[in-house]
Amino acid sequence: MKVSIPTRDENGLDGIVEQHFGKAPTYTIIDTETNQVTVIPNTSEHMGGLGLPPEYLHENGVDIMLCGGLGFKAVNMFESYGIKVFVGAGGTVRDTFEAWKAGKLHNATAENSCSEHGHDDHHHQ
């Protein structure tokens with residue numbers, strides 16, 4: 001299984017989690033079977049490239065996305081590619097990955113996405 005976390009840098013497990021998943025400069029991917037860590041650049045349209053992050057991450061074999069928070073449309077888009085989303089990420093990649101493994105992150109659904117709290121898809125606190 002491959003777990004992706006939006007990151008600000010290429011520091012692997014010590015990388016800092018980027019709260020705006022679409023504008024993250026990089027995505028750090030952890031293979032839970034081999035513990036291999038891969039950092040890929042964000043080449044989506046948010047960064048001047050093509051496509052949207054869910055499509056790009058799907059093409060890179062990602063099964064699970066861990067992020068700070070995201071809007072309803074993004075949750076639906078990730079789900080349409082078969083990628084489960086968990087929210088509540090923060091700190092370093094290692095912090096977030098350990099929190100997810102310990103069951104401390106919440107599965108993102110239509111009910112708990114940011115749009116339910118009066119935020120739009122592009123503005124997270």
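Let me start with Ser4, which is buried, with a relative accessible area of 0%, where buried stands for under 20% relative accessible area, exposed for over 50%, and partly exposed for what falls in between, using a 1.4 Å probe and protein chains only. Ser4 lies in strand 1, and by strands and helices I mean DSSP runs numbered from the N terminus, with at least two residues of type E for a strand and at least four of type H or I for a helix. If we leave aside the neighbours within four places in sequence, Ser4 is in contact with Tyr27, Thr28, Ile29, Leu57, Val62, Ile64, Met65 and Leu66, contact being heavy atoms within 4.5 Å.

Before going on, a word on the basis: this is a predicted model, in which local features need pLDDT of at least 70 and side-chain atom pairs count only at pLDDT 80 or more, while totals for chains, interfaces and linings use all residues. Residues are numbered from 1 along each chain as its sequence is written, and side-chain values use heavy atoms, with hydrogens and water left out.

Six strands form an open sheet in the order 3-2-1-4-5-6, with mixed pairing, and two strands are taken to pair if DSSP finds at least two bridges between them. Strand 3 (37–41) and strand 6 (106–107) stand at the edges with a single partner strand each, so one side of each has no neighbour in the sheet. Strand 5 (residues 84–87) and strand 6 run antiparallel and are joined by two bridges, and Phe86 stands opposite Asn107 in strand 6. Across strand 1, strand 2, strand 4 (64–67) and strand 5 lies helix 3, running at about 140° to strand 1; axes here are lines fitted to C-alpha atoms, for helices over the stretch in contact, and angles run from 0 to 180 degrees between N-to-C directions.

Which residues of the largest nonpolar core touch the most other members? Of its 18 residues, these are Phe21, Tyr27, Leu57, Met65, Leu70, Phe78 and Val85, a nonpolar core being a set of buried Ala, Val, Leu, Ile, Met, Phe, Trp, Tyr and Cys residues joined through side-chain atoms within 4.5 Å. At least two residues of this core come from each of strand 2, helix 1 (53–59), strand 4, helix 2 (72–80) and strand 5, and helix 2 gives the largest share, three residues.

Trp100 brings us to the aromatic rings. The structure holds four aromatic pairs, where rings of Phe, Tyr and Trp (its six-membered ring) pair if their centres lie within 6.5 Å, and planes under 30 degrees apart count as stacked, over 60 as edge-to-face and the rest as tilted. The rings of Phe86 and Trp100 have centres 6.2 Å apart and planes at 70°, so this pair is edge-to-face. Since Phe86 lies in strand 5 and Trp100 in helix 3, the pair ties together parts that are 14 residues apart in sequence. Phe86 is buried at 15% relative accessible area, and Trp100 is buried at 16%. For Phe97 and Trp100 the centres are 5.8 Å apart and the planes at 25°, so that pair is stacked; the two residues are three apart in helix 3, about one helical turn.

Finally, the salt bridges, each defined as a side-chain nitrogen of Lys or Arg within 4 Å of a carboxyl oxygen of Asp or Glu; the count comes to three. Asp14 and Arg94 meet in one of them, at 2.6 Å from N to O. Asp14 lies in the loop between strand 1 and strand 2 and Arg94 in helix 3 (residues 93–101), so parts 80 residues apart in sequence are tied together. Asp14 is partly exposed at 48% relative accessible area, as is Arg94 at 37%.

Arg8 forms a salt bridge with Glu18, with the closest N and O atoms 3.3 Å apart. Both Arg8 and Glu18 lie in the loop between strand 1 (2–7) and strand 2 (26–31), ten residues apart; Arg8 is partly exposed at 48%, whereas Glu18 counts as buried at 14%. Glu98 and Lys101, with closest N and O atoms 3.4 Å apart, form a salt bridge too, and both lie in helix 3, three residues apart, about one turn of the helix.
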